[in-house]
Every structure is written in structure tokens, then in C-alpha cells.
Amino acid sequence: MKKAVVIGASSGIGRELAKVLAKDYGVIGLTARRTDLLETLAAEMEADTFIEQMDISDTEDAVQKLNGLIAQMGGADLAVICAGTGHMNPELKWEYEKETNDVNVQGFACIADTMINHFIKQGSGQLATISSVAALRGSGVCPAYNASKAYVSNYLEGLQLKAKRISNEIIVTDIKPGFVDTPMAQGEGLFWVASASDAANQIYRLIRRRKLHGYVTKRWRLVAIVLKLMPRWLYTRLFQ
């Protein structure tokens, strides 16, 4: 029986992805800060469900709780890190920048490390993390968010290299969504906005194919190419 853990399953992509995974995985572990939302989600799923309240910015507590959850589940074959935060912050308020870094950098890294170590001990497994197209360039209105997602993608590449040295049965997947219809999608002029359900289904297809990297939806690959090739002077003029 396959077993999966979804970190940040209370809303948005994480919630929809948990529902998709429950169709193929017999055991699902759900974590988030709000237990009531996890309980509501668990009631909608047919899989055996385990719930753990967790704030990944509290790294020591999060690692302890995650290890406990995995033990309750009897192991895990897949972990998906969906937990994340971000703010439009043109005034550069430090409390917003700090919260973003605490969750998206420190919190992400502690969960990723815990899961990779579990998979190494187990000899197999897959870690998938929701990064963002925002990882590709900096931002003047949400600098910590873009920078934190760049950290996520770079860190995952390092874990891919580490996993490759150890076992072909350990897969690390970096998923970069564009705009998805969740509270995280902020600002004006949003385009190609996918529903959380559509995004979750595409993410699961990438996971099943054991991809190392993918964009959601696929058309965002075109945006990624443009962003990577755009000269600094033009990027500054468009996005300062």
C-alpha cells in the first residue's frame, strides 16, 4: 500500500493535491497549522488518513512531529511540500520578509532534509516541492518571496545530485507553478491563472512520471524561457 505525506494540506494546491493522491495512495498524512481544516479534508477522503498540526517555521518542533507522523503511517513513499507564504511588500516591512524566509527557506529546508534522510534510510522514495516561476528572477515588490523560491529550486537541485549518487530509486521533483487561483496569487494583471484543482492534477502527472522538474501549467515554460533570456535593462524597465 502506497503512502504519501502532504505538508501544507489545509488549503489551495496542497488541499487539492491531497484529494488527488487519495485516489492512488492508501495512506495519506496531512499537516498544516489549522487542524480543523485538516479534519474537514480528511472527512472527504477514502484513504486512511493521519493528521498532524505543524508550523514548519518552528523547525525543531516540525521535524519531531513529521518523524512521528511517518512512524504512525508506517513509512512514506512520497512527500510533497506545499507549505509556503509570501507578501506583496513594496514598503519592505521586515516582519513580512522574515515570515517569508522563516517558512519558505528554513521551514522548507528542515522538511526536505527530514524526508530525504528518511528515503535514504528506506532506500527509495520521492520528494516533490512546490516552488514557483518567481524563482527565476528577483522582484522589487516581493523580494523575499522570489528569493526564497530561488533558494528552494537551487536546494532541490543539490538534493537531486545527492540522491543520484545514492540511489536511482530516490527522486526529487521541483515544480514551478505560474499563477494559481489561491490566496497566494496577489497583484493586478494576472494571466493564465489555473484553478487549484487543475494545478493539482498536472502536478500529480509530473510526480507519477518521476520528473525532476516541471512547470504548471505547461504554458508557463514559455514565460520561463522569456524571463531567463530577458536582458537586465529590459527586465528592470518592465518590473521595477
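Colleague: Leaving aside its neighbours within four places in sequence, which residues is Ser 153 in contact with?

Modeller: Happy to start there. This is a predicted model, where local features need pLDDT of at least 70 and side-chain atom pairs count only at pLDDT 80 or more, while totals for chains, interfaces and linings use all residues. Residues are numbered from 1 along each chain as its sequence is written, and side-chain values use heavy atoms, with hydrogens and water left out. Taking contact as heavy atoms within 4.5 Å, the partners of Ser 153 are Ser 131, Ala 135, Asp 174 and Lys 176.

Colleague: Is Ser 153 buried or exposed?

Modeller: Ser 153 belongs to helix 5, residues 143–166; helices (H or I, at least four residues) and strands (E, at least two) are DSSP runs, numbered from the N terminus. Buried means under 20% relative accessible area, exposed over 50% and partly exposed in between, with a 1.4 Å probe and protein chains only. At a relative accessible area of 12%, Ser 153 is therefore buried.

Colleague: How many of the 10 residues of helix 1 are buried?

Modeller: Helix 1 covers residues 12–21. Its buried residues are Ile 13, Gly 14, Arg 15, Glu 16, Leu 17, Ala 18, Val 20 and Leu 21.

Colleague: Which residues touch the most other members of the largest nonpolar core?

Modeller: A nonpolar core is a set of buried Ala, Val, Leu, Ile, Met, Phe, Trp, Tyr and Cys residues joined through side-chain atoms within 4.5 Å. The largest one has 33 residues, and those touching the most other members are Leu 21, Ile 28 and Leu 30.

Colleague: Which element gives the largest share of this core?

Modeller: Several elements each supply at least two residues of this core, among them strand 1 (3–7), helix 1 and helix 6 (196–208). The largest share, seven residues, comes from helix 6.

Colleague: How many disulfides does a search of the whole structure find?

Modeller: A disulfide is a covalent bond between the sulfur atoms of two cysteines. Here the cut-off is a pair of cysteine sulfur atoms within 2.5 Å. The closest cysteine sulfur to that of Cys 110 is in Cys 82, 15 Å away and so too far for a bond. Across the whole structure, the number of disulfides found is zero.

Colleague: How far is the sulfur of Cys 142 from the closest cysteine sulfur?

Modeller: Cys 142 is buried, with a relative accessible area of 11%. The closest cysteine sulfur is in Cys 82, too far for a bond because the distance is 20 Å.
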